[in-house]
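Subject: Structure for you to look at

Hi there,

Here is the structure I promised to pass on. Please open it alongside this email, and I will go through what turned up.

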Amino acid sequence: MRILFTKTVLFLLFLSLFSCENKKQNPAPKPAYKAGVILSFDDAYVDEWSEADQALRKYSWKATFNVCRIDSIGAPEIKTLLEMQKYGHEIAGHGYHHYNAVKFTKQFGIKEYMKQEIDPMIISMKKKGFNVTSFAYPYGERSDSLDQALSPLFKIIRGRAFGGEIPEKQDSYFNNSKIVFAFDIDNSHIHFSIPYVLELLDYAKKNNKILLLCGHKPVKEITENYQVKIETLEFICKYMKLNDLKFYKLSDLDNLVPLQL
């Protein structure tokens with residue numbers, strides 16, 4: 001009886017040691033990616049983008065610039081975009097004419113939309129030295145049928161999150177899908193405020209999320225709609241540096257985890 005008891009104790013001790021060793025060898029899985037932010041800008045405000053770039057390089061920032069009407073941009077601006085791309089920013093697509101995709105396809109169909117808005121954009125941008133792998137819908141309006149049509153051409157497709165929900169219900173966090181949504185930080189946006197952006201940033205930090213933000217024309221002082229203050233961008237960059245958040249580009253999302261449409 002005593003021998004049996006001793007054997008049982010030794011066996012339990014062995015199981016305990018094996019279990020502890022196993023825990024050491026198999027630690028809890030790390031998150032798939034580091035918390036961070038994607039700063040993206042739409043349209044063709046190249047001079048203002050360049051000015052913001054120079055102001056924010058001290059933070060080692062990276063951003064995605066979604067360009068529309070590429071053949072209407074002058075040679076000096078194209079050179080600036082190529083320099084920004086060389087620095088590490090992403091130059092992405094935003095439509096050849098900047099058509100509202102949903103309204104256009106309702107009237108003319110998806111095939112005509114691709115012919116007029118997408119194909120010439122890709123061809124022209126490639127000729128100018130931009131290998132476009134991400135696309136942002138003009139006005140942020142999209143549909144499932146448009147997503148399906150664009151999906152073979154782009155790794156990441158960005159719409160806009162129009163609401164001002166509490167962070168945990170906000171759509172502007174990466175959700176392992178190639179269809180993503182960004183919260184608008186232009187001053188004219190009805191839901192924009194620094195305290196709300198701070199809430200979104202805090203939620204990203206605490207929950208290991210990637211927050212997507214978008215704007216249009218960076219300026220020192222607001223004079224009209226579709227403008228974001230450089231001061232706002234500085235606030236976001238400072239927060240990221242202080243809290244060790246990572247700068248991502250739209251194209252980076254494709255390399256993180258398996259994506260679903």
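Trp61 is buried, at a relative accessible area of 0%; here buried means under 20% relative accessible area, exposed over 50% and partly exposed in between, with a 1.4 Å probe and protein chains only. This is a predicted model, so local features need pLDDT of at least 70 and side-chain atom pairs count only at pLDDT 80 or more, while totals for chains, interfaces and linings use all residues. Residues are numbered from 1 along each chain as its sequence is written, and side-chain values use heavy atoms, with hydrogens and water left out.

**Aromatic rings**

Phe65 is buried as well, with 1% relative accessibility. Trp61 and Phe65 make an edge-to-face aromatic pair, 6.2 Å centre to centre with 85° between the planes. For pairing, ring centres of Phe, Tyr and Trp (its six-membered ring) lie within 6.5 Å; planes under 30 degrees apart are stacked, over 60 edge-to-face and the rest tilted. Tyr99 and Phe104 are a stacked pair, because their ring centres are 4.9 Å apart and their planes are at 10°. Of these, Tyr99 is partly exposed at 25%, whereas Phe104 is buried at 8%. Phe41, Trp49, Trp61 and Phe65 belong to one aromatic cluster.

**The nonpolar core**

Which residues touch the most other members of the largest nonpolar core? They are Leu39, Phe41, Trp61 and Ile185, out of 57 residues in that core. A core here is a set of buried Ala, Val, Leu, Ile, Met, Phe, Trp, Tyr and Cys residues joined through side-chain atoms within 4.5 Å. Its largest share, six residues, is supplied by helix H7 (residues 194-206). Helices (H or I, at least four residues) and strands (E, at least two) are DSSP runs, numbered from the N terminus.

**Helix H5**

The 18 residues of H5 (residues 110-127) should span 26 Å at 1.5 Å a residue, and the end C-alpha atoms are 24 Å apart, which agrees; the expected span is 1.5 Å times one less than the number of residues. At Ile118, H5 bends by about 30°, and Pro120 follows within four residues. That bend is the angle between axes fitted to the seven residues ending there and the seven starting there. Buried residues of H5 include Tyr113, Glu117 and Met121. After H5 comes Gly129, with a positive phi near 105°.

Best wishes
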